[in-house]
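User: Got a model open here and want to go through some of its helix packing. Can you take my questions as they come?

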Amino acid sequence: MIDWWQSLVAPFPPLLLTMAYMLVFILVLFACVAYATLAERRVLGFMQVRLGPNRVGPRGLGQPIADALKLMFKEMILPHDADRFLFRTAPLLSMAPAIAAWAVIPFSEHLNFADINAGLLYILAMTSLGVYGVIVAGWASNSKYALLGSLRSAAQIVAYEIAMGFALVGVLMASGSLNLGDIVMEQQGSIFNWYWLPLFPLFLTYLIAGIAETNRAPFDVVEGESEIVAGFHVEYSGMGFAMFFLAEYANIILISALTALLFLGGWLSPLEGIVPASVFHLPVIGALLGSGAHWFVAKTCFFIFCFLWFRATFPRYRYDQIMRLGWKVLLPVTLVWIVVEGVFLYLQLPPWFD
Amino acid sequence: MLIQSTVFYFFSAILVASALAMISVRNPVHAVLFLVLVFFTSAAIWLLLEAEFLAITLVLVYVGAVMVLFLFVVMMLDINLAKMRAGFARYLPVGLLVGIVMAVEMAVILSRPAFDLQKPQAKPADYSNTQELGELLFTEYIYPFEIAGVILLVAIIAAITLTMHKRTRAKRQSPARQVSADRAERVRLVSMDKE
């Protein structure tokens, strides 16, 4: 099928093709983001023993489209004395990095946009840019609540980025590569060869820091509707608000995908090394059970579900508790585990570090 | 080659324009954001030189962390625009002089034979800038690298010591104590006689 496709697209120049693929991918990503909002409302609904939105379309599946149409036709109100240009640019600043980071994410062994050597570093750089959207929005709104929200956000994101970075240092020590494809291939073997087991503290740290980076509950003091109304996007209405809303979900999907890649073996099948290898050569079941992009999607969906689950479960942290968790708990945990991992590497502990 | 130079001139034009804008705009927050744009476009130019590690690190460290803190501080300033403009004409001659001296110095140094500027050769496809830098840093330049690390550590400790002072009257919470509190500490059951 791949050969057939390649002979079909052969007459087109490669640059044009890549652009077309990117366009298609971004449209798919936007659809996923829109339906993540529905998933969140439905999952939260069920967890709180109610139904959630189920009126628009079959089983509420038309809800994201209805929401998008509503927000598109709403007026975008410009606050008094707001910085016009920055006020309108801020939603784009928080959306763009979340999309740009997907450029280096491998979906399966040969399915990716850019296979670059410093992929992990690129991801880290892109996710660190997302904070500008929040800060600029808070400042340009000319509102004290928005400014307070963006100040909280800046401090929180900078603090958790360090713990996140150290968790990634652990991953690249174990894999010996910054290339995301190589990191996944290093985890080959069985489910027990994936990095979640030898790097378990770093795995938890990465997940928690990821939740804090995306400003999600229980670390959502940036919005904190009980204290500062809605934080940095309090002055936004219509499409501006919608962009921030979608950027949050785009970031959730990105962090989930990264956790799946770095700690849960990306597109590798969990059945590898457990069931006999001959199973993977069976006609249809073999392709389904064997490694492939569908496992990557499934693992990503699992982490997205975890994000929603945590929101329904934990009460919001107080601001000083967030700072304490970031600096005094997560950071020392990563530092200690990097030393432990160094010992593992020195001993060449099988099956991960040999 | 044509595409490469087009990309180079495109980014250079943005770089120079945003650098000029950074020193000429009135609003400090806008100036900081222009500086962010300067860093970002210079990272793009470094990418053209196949120095992807440096380029991405520039974005990661300067744009992602340092400039955020800059913005953080500048945003909280109470900006009086009229006051800030007042000194502009007065300091202009001094600023121009310093600028010209720096430009001349750079011209003198860069025209030395040691800086014989040659077109960088294109690297083979499997060349990894990150790996090359890592190998150099941990072999040939290990001592300067470690010393730089120690100096940074000293700077961190100094900065923290400067800001740490014990306030005697401040009330603090101990989250560890709060979490480990049990029922016996908080609840006292008393049996009272009926009245």
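User: Which residues in helix α3 of chain A are buried?
Analyst: In α3 (residues 63-72) of chain A, Gln63(A), Pro64(A) and Leu71(A) are buried, meaning under 20% relative accessible area with a 1.4 Å probe, protein chains only. This is a predicted model, where local features need pLDDT of at least 70, side-chain atom pairs count only at pLDDT 80 or more, and totals for chains, interfaces and linings use all residues. Residues are numbered from 1 along each chain as its sequence is written, and side-chain values use heavy atoms, with hydrogens and water left out.

User: Where do they sit around the axis of α3(A)?
Analyst: Within an arc of 95° seen down the axis, so the buried residues line one face of α3(A). The arc is taken from the directions from the helix axis to the C-beta atoms.

User: What do they pack against?
Analyst: α2 (14-47) and α11 (238-263) of chain A; contact means heavy atoms within 4.5 Å.

User: Switching to α6 and α7 of chain A. What is their packing angle?
Analyst: About 155°, with the axes of α6 (residues 131-140) and α7 (residues 144-175) 7 Å apart. That makes α6(A) roughly antiparallel to α7(A), the term for angles over 145 degrees.

User: And which residues meet there?
Analyst: From α6(A), Val131(A), Val134(A), Ile135(A), Gly138(A) and Trp139(A); their partners in α7(A) include Ala146(A), Leu147(A) and Ile157(A). By class, the contact has 8 nonpolar, 3 polar and no charged residues, with Gly counted as polar.

User: Last one: is Asp3(A) buried or exposed?
Analyst: Exposed, at 62% relative accessibility; the cut-off is over 50%. Asp3(A) is in helix α1 (residues 2-9) of chain A.

Key. Chains are lettered from A and ligands numbered from 1 in the order in which they are written. Helices (H or I, at least four residues) and strands (E, at least two) are DSSP runs, numbered from the N terminus. Axes are lines fitted to C-alpha atoms, for helices over the stretch in contact, and angles run from 0 to 180 degrees between N-to-C directions. Angles under 35 degrees count as roughly parallel, over 145 as roughly antiparallel, 65 to 115 as roughly perpendicular and the rest as oblique.
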